Amino acid sequence: MRRSLKESFSYAFWGLIYSLRTQRNMKIHFLAGIGVLTLSLFLPFNGYDYLFVFFAVALVIITEMINTAIEATVDLFTKDYHRLAKIAKDVAAGAVLLAAINSIGVFFLVIIPKIKGLSYLNLYRIRLYPFHILLLLIGLLFLLYTFLSYGRSRGGRGHF
Ligand SMILES: Nc1ncnc2c1ncn2[C@@H]1O[C@H](COP(=O)(O)OP(=O)(O)OP(=O)(O)O)[C@@H](O)[C@H]1O
């Protein structure tokens with residue numbers, strides 16, 4: 001079945017909204033990611049600092065989404081206890097855990113030293129890099145949309 005680019009984007013969009021709506025950990029990681037991106041606006045980062053922070057945030061969210069997809073696939077296959085189902089879910093959860101540990105490492109190695117070196121002057125020198133602002137805006141829009149569409153989807157299956 002051939003799908004238009006718009007349809008493909010729409011499915012991907014709903015996949016992200018679904019994870020955000022249904023997965024408690026995803027909500028926590030997403031909010032933490034937005035918090036870190038907001039904080040980063042005020043920090044004197046160089047290019048590598050931005051790379052580490054952006055990748056750490058993205059990795060946690062991506063692994064959380066893959067974990068959600070694996071959970072759904074396993075549940076589709078069996079609701080009964082199965083050793084392989086347990087392995088699949090535990091390994092997927094392990095991937096999220098590793099990504100989360102990596103992000104904690106980045107927080108202590110990259111963000112904390114910059115916070116320590118922060119002066120009041122820096123607070124007035126917000127760096128408005130277009131890509132950074134775009135990421136933040138996309139994150140906030142997803143959160144807002146998830147929040148607003150939550151009520152509408154209650155009791156029904158919405159897009160899903
Ligand atoms: N069908 C199954 N067979 C065997 N073990 C299972 C099965 N389903 C879940 N488990 C075990 O229960 C754990 C939790 O599974 P569950 O599907 O409830 O994920 P979850 O609690 O929603 O995870 P997360 O918090 O990442 O969303 C799995 O990691 C696995 O060890």
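The expected span of a helix is 1.5 Å times one less than its number of residues, and helices here are DSSP runs (H or I, at least four residues; strands are E, at least two), numbered from the N terminus. This is a predicted model, where local features need pLDDT of at least 70, side-chain atom pairs count only at pLDDT 80 or more, and totals for chains, interfaces and linings use all residues. Residues are numbered from 1 along each chain as its sequence is written.

**View 1**
Going along the sequence, you get α-α-α-α-α-α. Of the 160 residues, 16% are buried; that label needs 20 or more other C-beta atoms within 10 Å of the residue's own, while 12 or fewer is exposed and in between is partly exposed, with C-beta atoms placed from the backbone. Contacts mean C-beta atoms, again placed from the backbone, within 7 Å. Among contacts with a separation of 6 or more, 81% join residues 24 or more positions apart.

**View 2. Helix H3 and its buried residues.**
H3 has 31 residues, which should span 45 Å at 1.5 Å a residue, and its end C-alpha atoms agree by being 45 Å apart. The buried residues in H3 are Val53, Ala56, Val57, Val60, Ile61, Thr63, Glu64, Met65, Asn67 and Thr68. Their cover includes helix H1 (5-22), H2 and helix H4 (83-116).

**View 3. H2 against H3.**
Helix H2 (residues 24-40) packs on helix H3 (residues 47-77) at about 170 degrees, with the axes 10 Å apart. Axes are lines fitted to C-alpha atoms, for helices over the stretch in contact, and angles run from 0 to 180 degrees between N-to-C directions. H2 and H3 are therefore roughly antiparallel (over 145 degrees; under 35 is roughly parallel, 65 to 115 roughly perpendicular, and the rest oblique). Their crossing is left-handed, meaning the near helix is turned anticlockwise from the far one by less than a right angle; clockwise would be right-handed. From H2, look for Asn25, Met26, His29, Phe30, Gly33, Val36, Leu37 and Ser40, which meet Val53, Val57, Val60, Ile61, Glu64 and Thr68 of H3. Sorted by class, this H2 and H3 contact has eight nonpolar, five polar and one charged residues. Nonpolar takes in Ala, Val, Leu, Ile, Met, Phe, Trp, Tyr, Cys and Pro; charged is Asp, Glu, Lys and Arg; polar is the others, Gly among them.

**View 4. H3 against H4.**
Here the packing angle is about 165 degrees, and the axes of H3 and H4 are 9 Å apart. That makes H3 roughly antiparallel to H4. H3 passes H4 in a left-handed crossing. By class, the contact of H3 with H4 has 20 nonpolar, four polar and four charged residues.

**View 5. Two alanines, Ala72 in helix H3 and Ala99 in helix H4.**
Ala72 has 14 other C-beta atoms within 10 Å, so it is partly exposed. From Ala72 to Lys89 is 17 residues in sequence and 9.7 Å in space, C-alpha to C-alpha. Ala99 has 22 other C-beta atoms within 10 Å and is therefore buried. Leaving out residues up to four places away in sequence, Ala99 touches Leu59, Val60 and Thr63. Trp14 lies 85 residues from Ala99 in sequence and 23 Å away in space, C-alpha to C-alpha.

**View 6. Helix H1.**
The 18 residues of H1 reach 26 Å from first C-alpha to last, close to the 26 Å expected at 1.5 Å a residue. Tyr18, Ser19 and Leu20 are buried in H1.

Methods
Contact = placed C-beta atoms within 7 Å.
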